[in-house]
Amino acid sequence: MLAAIAASLAAFGTTTQTWLNVRLPQGDVQTPDIAVPGSEAAVAVTALALVGLAAALAASI
């Protein structure tokens, strides 16, 4: 169960990091740098991490 909790927390922790960095040419656009966090790149990862955490805690009961 501790492994399931640790895996869920690790998956949830990855959503707080920046997953994609895009650098566009400055002459073409006004915003040359775009950073996409994991919470926007893969919304399902957050949901699945919370489901895994809830399942591990429910199994411990």
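Here is a short tour of a predicted model, going from its confidence scores to a few residues and a surface patch.

First, some ground rules. Residues are numbered from 1 along each chain as its sequence is written, and side-chain values use heavy atoms, with hydrogens and water left out. Because the model is predicted, local features need pLDDT of at least 70 and side-chain atom pairs count only at pLDDT 80 or more, while totals for chains, interfaces and linings use all residues.

The chain averages 85, and 97% of the residues score at least 70. Confidence is lowest in helix H2 (residues 38-41), with a mean of 82, and highest in H3, at 90. Helices (H or I, at least four residues) and strands (E, at least two) are DSSP runs, numbered from the N terminus.

Buried means under 20% relative accessible area, exposed means over 50%, and partly exposed is in between (1.4 Å probe, protein chains only).

| Residue | Relative accessible area | Class |
|---|---|---|
| Threonine 15 | 5% | buried |
| Serine 8 | 8% | buried |
| Tryptophan 19 | 38% | partly exposed |
| Isoleucine 61 | 90% | exposed |

Serine 8 sits in helix H1. Setting aside neighbours within four places in sequence, serine 8 is in contact (heavy atoms within 4.5 Å) with Ala49, Gly52 and Leu53.

Threonine 15 lies in the loop between helix H1 (2-14) and E1. Residues up to four places away in sequence aside, threonine 15 touches Pro37, Gly38, Ser39, Val45 and Thr46. A polar atom of the threonine 15 side chain also lies 2.6 Å from the backbone oxygen of phenylalanine 12.

Trp19, Leu20, Val22 and Ile34 make a nonpolar patch of about 330 Å². Patches are made of residues with over 30% relative accessible area and no salt bridge, joining like charges within 9 Å and nonpolar side chains (Val, Leu, Ile, Met, Phe, Trp, Tyr) within 5 Å. A salt bridge here is a side-chain nitrogen of Lys or Arg within 4 Å of a carboxyl oxygen of Asp or Glu. Strand E1 (residues 18-23) gives the most to the patch, with three residues, and tryptophan 19 has its place in that strand.

Last stop: isoleucine 61, found in the segment after helix H3 (43-60). Isoleucine 61 and alanine 6 are 55 residues apart in sequence and 17 Å apart in space, C-alpha to C-alpha.

Technical notes: Areas by Shrake-Rupley, 256 points an atom, 1.4 Å probe, with all protein chains shown as cover. Polar contact = N/O pair within 3.5 Å; in protein donor to acceptor, adjacent residues only side chain to side chain. pLDDT = per-residue confidence, 0-100.
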